[in-house]
Amino acid sequence: MAIGSLAALLQPNLILDTTIEQLPPSLLEKYHLRGMVLDVDDTLLPTWDAELPPQVLAWLLEMKRQVPIWLVSNNLNHRRIERIAQQVELPFLMGAGKPSRRKLRQAVEAMNLPYEQVAMVGDRLFTDILAGNRLGMFTILVQPVLVKRLDGKSWVRHLEFWLAHQLGTPLAIAPPR
């Protein structure tokens, strides 16, 4: 794979400078999105938690009324991911191994929608965004839901942004509309 094509695969369709619960429902209509696949860890809640924060729970319930949603996580803890999914009665897949496309493909096919009409929403470039872009999904990068650290970002996310920049990925933040 050429460096330029990897840089393109790391470029989300939309980068929000907010956490997921700030993603406005109007974006679904604006970008003609009819389904969503959501990452779980650090996108919906911190990796060690199993209870959705109230604002994320309310956001999920609102979005679920508008489009089908699947949770697709790299996490291997079935009981934890199932518990999270049950809070909003969402289907889920765990052990996804993103950037592997296999489980994303399974979720989108279950929705019976074209890939370009399904958003892949996550907090990581080299897993969530890369996997979604490899399938032609509409990719949305959100800020991670993390306990505050020195710079507000995990070191892995910081490294991903640095590497993507070195590869030529612009990564410009777009305001939500």
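The structure is a predicted model, in which local features need pLDDT of at least 70 and side-chain atom pairs count only at pLDDT 80 or more, while totals for chains, interfaces and linings use all residues. Residues are numbered from 1 along each chain as its sequence is written, and side-chain values use heavy atoms, with hydrogens and water left out.

F138 belongs to strand β6, residues 138-141, from which F138 and I140 point one way and T139 and L141 the other way, and all are buried. In a regular strand the side chains alternate between the two faces of the sheet. Helices (H or I, at least four residues) and strands (E, at least two) are DSSP runs, numbered from the N terminus.

## The aromatic pair

How many aromatic pairs does a search of the whole structure find? The search finds one, and this pair is formed by Y31 and F138, which are tilted, at 4.7 Å centre to centre and with 35 degrees between the planes. Rings of Phe, Tyr and Trp (its six-membered ring) pair if their centres lie within 6.5 Å, and planes under 30 degrees apart count as stacked, over 60 as edge-to-face and the rest as tilted.

Because Y31 lies in the loop between α2 (26-30) and β2 (35-38) while F138 lies in strand β6, the pair ties together parts that are 107 residues apart in sequence. Y31 counts as partly exposed, because its relative accessibility is 27%.

## The sheet around β6

Six strands form an open sheet in the order β1-β6-β5-β2-β3-β4, and the pairing is parallel; the edge strands are β1 and β4 (92-93), each of which pairs on one side only. Two strands pair if DSSP finds at least two bridges between them. Strands of a sheet pair through backbone hydrogen bonds, either parallel or antiparallel.

Strand β1, residues 14-15, pairs with β6 in the parallel sense over two bridges, and the bridge partner of I15 in β6 is L141. Strand β5, residues 118-122, also pairs with β6 in the parallel sense, over four bridges; A119 has F138 as its bridge partner in β6, and G122 stands opposite L141.

β2 and β5 run parallel and are joined by four bridges, and M36 has A119 as its bridge partner in β5. Together, β5, helix α6 (residues 125-135) and β6 make a right-handed β-α-β unit, a crossover being right-handed if, with the strands pointing away from the viewer, the path from the first strand over the helix to the second runs clockwise.

L113 is found in the loop between α5 (102-111) and β5, and L113 counts as buried because its relative accessibility is 12%. Not counting residues up to four places away in sequence, L113 touches R34, G35, P68, V108 and V118, where contact means heavy atoms within 4.5 Å.

Note on methods: Buried < 20%, exposed > 50% of the residue type's maximum accessible area, 1.4 Å probe, protein only.
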